[in-house]
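Keep the structure open beside you as you read.

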Amino acid sequence: PATTPWWTGAVVYQIYPRSFQDSDGNGIGDLRGVLQRVDHLAELGVDVVWFSPVYRSPQDDNGYDISDYQDVDPLFGTLADLDEVVQALHERGIKVVMDLVVNHTSDEHPWFVESRSSADNPKRDWYWWRPARAGMQAGEPGAEPTNWGSFFSGPTWAFDEATGEYYLHLFSRKQPDLNWENPEVRKAVYDMMRWWLDRGIDGFRMDVINLISKRTGPDGELADGLVSVGPYGDAGPITTNGPRLHEFLQEMHHAVFDGRDGELLLVGETPGATIEEGKLLTDPARDELGMIFTFEHMGLDHGPAGRFDIKPLDLRELKATMSRWQAGLQDAGWNSLYWENHDQPRIVSRFGDDGEFRRESATMLGTVLHLHRGTPYVYQGEELGMTNAHFTSFESYRDIESLRYVAQARTIGHLSDDQLLKGLQDGSRDNARTPVQWDASPQAGFTTGTPWIAVNPNHRSINAEAQRADPESVFHHYRRLIALRHDEAVVRFGDFTLLLPEDPDVYAFTRTLGDERLVVAANFRGESRTVDLGIDLHGAELVLGNYADSAAPESAIVTLRPWEAVVVRA
Ligand code: ISL
């Protein structure tokens, strides 16, 4: 359809700059380092680069705590460096999307410095300030205004001695939540967004955007959270998909995007969003967002204690979740498609086999994801089949979420250090943050200095240089998948139909557009599987396989080798 936006046929590559490429030897990736690698991105064939934050920041949450939205942190370079990177990418036909983190700022942002300076400061109401719980002594444990627990462990309220009140921070205490009820806050955010668009960027990824509207009582009071696992209450039901979310997003759309929409890629990160919310957020007629990141498929292997309590994936649940989102957004709205980002473990270690069948399982997983309907996101290193860190000591970990989880768990004392370390090995965000493995040299070509986080020793065999030379590599398979989306309308627009929903080992589905049909069959196991697809594949043409000798099946009965994936036209 002519009115379909360009990004429905695009593939996005996420760069986490801190771990991508260091250019000045300080062990931290930076923007001039990105300039050294733009040809890698051009060869891969991606259409967009989304940068995790490079703004001024104390780096408490690696840049998701912003102290100046309109400047680049010296760690990463300068605004001039960023302009040069944008130009280099644009010259290669690659668009640039910036990370918009406006649910909260850094506590070192001038807005918050002013807000906390006195109880009657004009910016006091730019954040969430509340007195101690009635009848309690301010500053005493348990006196927090509500019982909410932070994503990063501990309470979500920090006591400020100077004014004797608490401020809200759903994440770290250095990330105070902005008060979106205040129109001055919203205006300041929209002004900043227009400033970035006027500098020539092509869209935004909006950090936890569905948390900006909090449910409050008539006088702004905030209720206690439902008591969930752990020592604090769950603020999710009060902060997720709040009552004014759509109002704020439509206001933002008209204040910032009108006259530009359709050209911009606007994707919201929406923890806890349901399909119903997804429809409201991405229906083009509603002037809100283009697409969202759902988390539903990323929680299927979480035990009761969450991301550090990983259990085996039941493939039937993954198939059911993915196909519900395919169906849910089929008629209006659009899916994003992702396995990885800077917050998630590496998919080949999580749903595949990062040992004997690393190449096969990584290419199988890429095939399944990229043949769905939606916009695929490739996280840096995913195109190389990079694995989890497999750190063997707590000292190797850097992520505030992981470190605070361990500290809180140790005070509770319900898990041994071995269990805690296993939880980090399975679920820590640091699994995605080890430096990109460019070659087999000592620090994988990432830095000439000491990296801020250890380079995975398996870079000697898993690296971009080796894979560019191997036509069967994960890199070249991702390159072929991206080319397929560019070349085949059925991959971009075709309707999705799941096959064999109850099969616990094989993920199979069709994509149809007019009289064109692709059939995808993928084995999620390390042993051969034979299934009856119920479709006569006699005479089918192999479009793509992940074994050098993959062949089109001769009939409905398909035998798949360990981790084998085939795409056939039938
Ligand atoms: O994935 C998560 C749920 O366990 C959290 O790790 C993650 O913090 C959450 O999804 C929100 O993520 C975004 O906002 C955070 C930042 O730490 C993440 O890196 C960012 O992606 C606060 O800005």
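Arg18 sits over the face of Trp452, 4.8 Å from the ring centre. A charge counts as over a ring if NZ of Lys or CZ of Arg is within 6 Å of the ring centre and within 35 degrees of the ring normal. Arg124 likewise lies over the face of Trp129, at 3.7 Å from the ring centre.

This is a predicted model, where local features need pLDDT of at least 70, side-chain atom pairs count only at pLDDT 80 or more, and totals for chains, interfaces and linings use all residues. Residues are numbered from 1 along each chain as its sequence is written, and side-chain values use heavy atoms, leaving out hydrogens and water.

Now for rings that meet rings. Rings of Phe, Tyr and Trp (its six-membered ring) pair if their centres lie within 6.5 Å; planes under 30 degrees apart are stacked, over 60 edge-to-face, and the rest tilted. By this rule there are 26 aromatic pairs. Here are two of them:

| Pair | Centre distance | Plane angle | Type |
|---|---|---|---|
| Phe112 and Tyr127 | 4.8 Å | 80° | edge-to-face |
| Phe308 and Tyr405 | 4.2 Å | 15° | stacked |

Phe308 is buried at 11%, and Tyr405 is buried at 15%.

Finally, Trp50, Phe293, Tyr338 and Tyr377 form one aromatic cluster.

Key
Buried means under 20% relative accessible area, exposed over 50%, partly exposed in between (1.4 Å probe, protein chains only).
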